[in-house]
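Have the viewer open and follow along.

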Amino acid sequence: MTPRLIFEGIYTPIVTPYDETGTVVWDALEAMIDHLVASGVHGVISGGSTGENYTQTVEERLELAAFTKNKLAGRLPLIVGTGSMRTPDSVALAEGAAKLGAHAILVATPPYAVPTERENALNVLTIDRAADLPIMLYNYPGRMGVNMGEEFLDRVGRSRNVCAIKESSGDINRVHLLARDYPHIQISCGMDDQALEFFAWGARSWVCAGSNFLPGEHVALYRACAVEGNFTKGRQIMSAMMPLMRVLEQGGKFIQCVKHGVEMCGLEAGPPRPPLKALNKDDKRQLEQVVRVLKSTIETITAGEHT
């Protein structure tokens, strides 16, 4: 079965810039979109958890998606996140994505509900019918409570729209399962510290929040592994990135770190919406030091590419 859409490259779940009152700063979002286009990423995801979708209404999410689609102006594909606790909200987001001309939708398990495999599959197929767009599934059992298991994959895999899965379980055996038993569903890396392993098992795309502020470095790893097949260079780049992965994943400050990373690029991201709070000075200094070393190291590794 040939998928409707081939996912290739780095897909950035874009942050939502806010001011101190939690209001969207639209000029800053436009600047962020232009920054990503210029930096060479391969697609943008609006309405992901990195964009703080859990703090937004359906109407806000659709407004953000429409704005992003308009400002991208065809320069990159747009994927719209439909993740929500309520199926009717996910359906509304899917219908909205189709109406605004999105290239695909990201479909997750409803959090907190803990559906069975059958229930979860039927939820996805309901969203699928509402949009009739290519789908990237999003498996994140650490947040959602359940895995998108084999019964689920067997059911949803019958739809031609189910093209890929962002695998964020952290279980490398899941990557083996997907690569061997579900080759018609493209694997997309959703676990940053396992990116090298994902590429080794045939993944051609990586959904990575860090590409909001280090797009070139993430593209460099993708190019080394997925395009050039140079896993020696890939291991060097991945090794340089590991300290960043540890900072992002430890301490429950993932989005705050990504937003501060964006600010380090000279762009406006603002604070997260409640209940989250911005990084303190010590956390900022730690991130800044890690990023400085990472950028310098990867620049040295890739220095000979264009000479």
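Predicted model: local features only at pLDDT ≥ 70, side-chain atom pairs only at ≥ 80, totals over all residues.

For Phe 199 the relative accessibility is 5%, so Phe 199 falls under the 20% cut-off for buried. Tyr 222 is buried as well, with a relative accessible area of 6%.

How are the rings arranged? A pair of aromatic rings is described by the distance of the centres and the angle of the planes. By the pairing rule used here, the count comes to five aromatic pairs. One of them is Phe 199 with Trp 206: the ring centres sit 6.2 Å apart and the planes are at 80°, so this pair is edge-to-face. Phe 199 also pairs with Tyr 222, again with centres 6.2 Å apart. Here the planes are at 55°, so the pair counts as tilted. Phe 199 belongs to helix α8 (residues 195-200) and Tyr 222 to helix α9, so their pairing ties together parts that are 23 residues apart in sequence.

## Helix α9 against α10

Now follow α9, which covers residues 215-227, to its contact with α10, residues 231-249. Their axes come within 8 Å and cross at roughly 155°. An angle over 145° counts as roughly antiparallel, so that is the label for α9 and α10. The crossing of α9 and α10 is left-handed.

Which residues of α9 and α10 make the contact? On the α9 side they are Glu 217, His 218, Ala 220, Leu 221, Ala 224 and Cys 225. From α10 come Phe 231, Lys 233, Gly 234, Ile 237, Met 238 and Met 241. Sorted by class, the residues of this contact are eight nonpolar, two polar and two charged.

## Helix α10 against α11

α10 also packs on helix α11, which spans residues 254-264. The angle is about 125° and the axes are 7 Å apart. That makes α10 and α11 oblique to each other.

The contact uses Val 247, Leu 248 and Glu 249 of α10, facing Phe 254, Cys 257 and Val 258 of α11. By class, the contact of α10 with α11 has five nonpolar residues and one charged, with no polar ones.

Note on methods
Residues numbered from 1 in each chain as written. Heavy atoms only, no water. Axes fitted to C-alpha atoms, helices over the stretch in contact; angles between N-to-C directions. Helix = DSSP H or I, 4+ residues; strand = E, 2+ residues; numbered from the N terminus. Parallel < 35°, antiparallel > 145°, perpendicular 65-115°, else oblique. Left-handed = near helix turned anticlockwise from the far one by under 90°. Contact = heavy atoms within 4.5 Å. Nonpolar A, V, L, I, M, F, W, Y, C, P; charged D, E, K, R; others polar. Phe/Tyr/Trp six-rings, centres within 6.5 Å; stacked < 30°, edge-to-face > 60°. Buried < 20%, exposed > 50% of the residue type's maximum accessible area, 1.4 Å probe, protein only.
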